[in-house]
Amino acid sequence: MKTGERILVVGATSAIAQEAIRIWAGQGARLFLAGRDAGKLEVVSADAKARGGSTKVAVVEDVTSVTNLSMMVDSAWKAWGGLDGVLVAHGWLPNQREAQDDPLAVRQCLRINGESVCEILTLLAPRFAKQRSGWMAAISSVAGDRGRAAMYVYGAAKAVVSHFMSGLRQRLEGTGVRVIDIRPGPVDTPMTEGLKMPLVAAAEPVARRIVRACAKSNGVVYVPWFWRFIMLILTHVPEPIWVKMKI
Amino acid sequence: MEEGTRNEVARNEGRYGNWGRFPNPPQRAVRLNWPDDELPKGKILAFGNGRSQGDVCLNSQGVLVDMRGLNRLVKFDRSKGLLTAEAGITLDEILRVVVPTGWMLPVVPGTRFVTLGGAIANDVHGKNHHRAGSFGHHVTALTLRRSDGTVKVCKAGDAWFAATVGGLGLTGIIAQATVQLMPVLSGLMQRRIVPLRGLEDFFSTMEGPAQGWDYSVAWLDMTAPEKELGRGYLELARWDEMGGPLNPPPPVRLQVPVRLPFSAVNALTTRVFNELWLRRPRAAYAQVDYSSFFWPLDGVGHWTNLYGPVPFVQCQVVVPQAGAPRLVAQILRLARAGGEPSFLNTLKMMGGMAPAGMLSFPREGVALALDFPYKGERTLAMLRAIEDVAMANGGAIYPAKDACMRPESFAQAYPAWKDFLKYKDDNMTSDFWQRVMGGKA
Ligand SMILES: Cc1cc2nc3c(=O)[nH]c(=O)nc-3n(C[C@H](O)[C@H](O)[C@H](O)COP(=O)(O)OP(=O)(O)OC[C@H]3O[C@@H](n4cnc5c(N)ncnc54)[C@H](O)[C@@H]3O)c2cc1C
Ligand SMILES: NC(=O)c1ccc[n+]([C@@H]2O[C@H](COP(=O)([O-])OP(=O)(O)OC[C@H]3O[C@@H](n4cnc5c(N)ncnc54)[C@H](OP(=O)(O)O)[C@@H]3O)[C@@H](O)[C@H]2O)c1
């Protein structure tokens, strides 16, 4: 009989999610992998199976469609007879300079990175609450901690997720359900290819930290840990000084 | 985070280079993340994990295709020990999955941080060459992506397969490969250490007491005086048949994270190293974990940073069995006279099975590997002299560790190169190939 943890991964083709899936698969997890590209999902699923995981995959054509998301949550819940956890990992980093003067790009960014994540959590929260156990993790970003000229369109959407999870965590306190807000600094993945960034982490150790957090944390998790202190300082810079800072 | 041009082909920052940083020309690269990602146009070359020493993994006139993003497993049949994986996976990543299930890679080089594709393209060998042959002998199939967009599935025995094993990345991009693993009862090995007072000890032990051991390699101390030339110790090992833990390789503990501003490797530290490492008392018989036997240096991540800003070069030559004692002594003398004592020196008896690939380096004879801090002309002159000895006596130099062999030497030691041209992809080349072909192909 299969007894591995039952985990839904949304955005299973993300580089960070793939690394987490590998670790879970090695632990014998039962995975429900959701993404928009059937071909890529098959490749990720084969890798997880070869490592000892069990997988089911689902193509979600459009994460901005609540109908699509609700179908995804239903089939994930049915696939393994309930879920122990969810990791929401999909995301889109628009080119700030192009997006900042384009309301449709701003809307798209907020929908993909912000709204869709909140909607997935909304669909799952009552199920986990009823079950009185489980965890809900989403990858937000340090970019959501404070608006920067170089990245505020994306950052604002990530802030939506962090804000939402903070409230959700308070709501679910006492139910046994954990809500984990993962805030990575820059990670070397296809999303950031070609960008010049400081203190870049590799996806694999970031995923190891995420897996550990999913197993026991409840709250905000900065990855790597030092971002907590960097962001603590940056969020306390007075606005008149902040506006002049070029970071 | 700075705004940059997306998908720009300039992810350099010292990331794409060889292990010794000699030569070290700037490189451009594109990373593949998915099996069907498009190959870049122009002259391309697959780049694995840059564990080669010379210029086989460099492509200054074109674009490197970084394979590390393709590091997934495709299929693992645990009953047969057949593993299919994307070629950018490292042997370390493979071992993490397979060892706990009782399977082992039948051939591993002196570092486990090479990619599957790199291991095939250089047809790497390990301490068991005399028993198991080279890496290519254990690959059953591979998938090759050609620059014209076609995909070839090659099976062991095919001409395309033989051209690609040891094919230096020039027949196409190896997308994935299947390896036949070897069952192990535990990760424990029995190890025997035989002190060597000189070269004669090596040859007499190899012909006598060393028979019956699956793995063997000698570590030589280059600071030894002339009358003790070839002093060091011989390491012999075989798998323990008793059962025991099946641990994945350990994570890298100690890092030499930054390149030192000076070189920590010089005549003095080599002497100290030799005292601490080569002459450290070792039990004649011991039970050891496979990781510490195969990769004593992998415990220290990026130890080459100890060389500081000084690049270093390797040289691995194989000379025929007949005359080996004399030739090895001659090469050791040349190396010693070259000035800087070399740091890590290994001597190994190679087996006689037919090579797995057309251009494979592993062949019958005695293989000597030396590494030196690169000190300009003096170092080059010494490498030339070693090359001359090898060439005058039917030897060969290993492309994976070479930065200066002459075109004539390559043509002589790898006579199949002409036939190989039939399989070479016109749009693939490397700095190595440009050098040894001298513009011929
Ligand atoms: C400490 C140390 C110890 C070593 N010990 C040994 C040893 O014991 N025995 C031994 O044989 N070697 C040894 N080597 C050499 C090493 O095993 C080889 O150079 C190996 O090929 C490096 O693999 P890589 O993945 O880093 O490839 P790279 O160095 O990046 O590339 C090597 C070659 O492989 C080609 N290549 C890489 N990936 C692909 C692909 N997917 N498709 C087609 N071509 C590809 C490249 O084009 C290039 O020609 C050692 C190296 C080091 C640093
Ligand atoms: N990399 C960083 O520096 C960094 C830092 C902080 C936070 N994060 C966050 O970490 C998460 C994982 O990102 P990553 O770095 O692993 O990047 P990645 O490999 O580029 O993955 C991005 C993922 O999002 C999916 N996606 C993109 N646009 C989508 C859309 N419109 N609809 C549905 N799915 C979409 C992609 O699907 P396809 O594969 O189908 O394209 C892919 O699965 C993201 O939420 C990201 O914002 C990343």
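Start with chain B and its contacts. Take the pairs in chain B that are at least 6 apart in sequence: 75% of those contacts join residues at least 24 apart. Keep in mind that this is a predicted model.

What secondary structure does chain B have? Twelve helices and 20 strands. The chain runs to 441 residues, and buried ones make up 60% of them. Now its surface. The accessible area of chain B is about 17,000 Å². Carbon and sulfur atoms account for 56% of that.

Over to ligand 2. There are 27 residues around it. Which of them come nearest? Thr13(A), Ala15(A), Tyr154(A), Val187(A) and Thr189(A). By class, the shell around ligand 2 splits into 13 nonpolar residues, ten polar and four charged.

Helix H1, 15-26, and helix H6, 152-172, each give at least two residues to the shell around ligand 2.

Next, the polar contacts. Each involves an oxygen atom of ligand 2. From Arg36(A), a polar side-chain atom sits 2.8 Å from a ligand 2 oxygen. Lys158(A) brings a polar side-chain atom to 2.9 Å from an oxygen of ligand 2.

How much of ligand 2 does the protein bury? Taken alone, ligand 2 exposes 890 Å², and the protein buries 89% of that.

That's my tour. Over to you.

Key. Residues numbered from 1 in each chain as written. Chains lettered and ligands numbered in written order. Predicted model: local features only at pLDDT ≥ 70, side-chain atom pairs only at ≥ 80, totals over all residues. Heavy atoms only, no water. Near = heavy atom within 4 Å. Polar contact = N/O pair within 3.5 Å; in protein donor to acceptor, adjacent residues only side chain to side chain. Areas by Shrake-Rupley, 256 points an atom, 1.4 Å probe, with all protein chains shown as cover. Helix = DSSP H or I, 4+ residues; strand = E, 2+ residues; numbered from the N terminus. Nonpolar A, V, L, I, M, F, W, Y, C, P; charged D, E, K, R; others polar. Buried < 20%, exposed > 50% of the residue type's maximum accessible area, 1.4 Å probe, protein only. Contact = heavy atoms within 4.5 Å.
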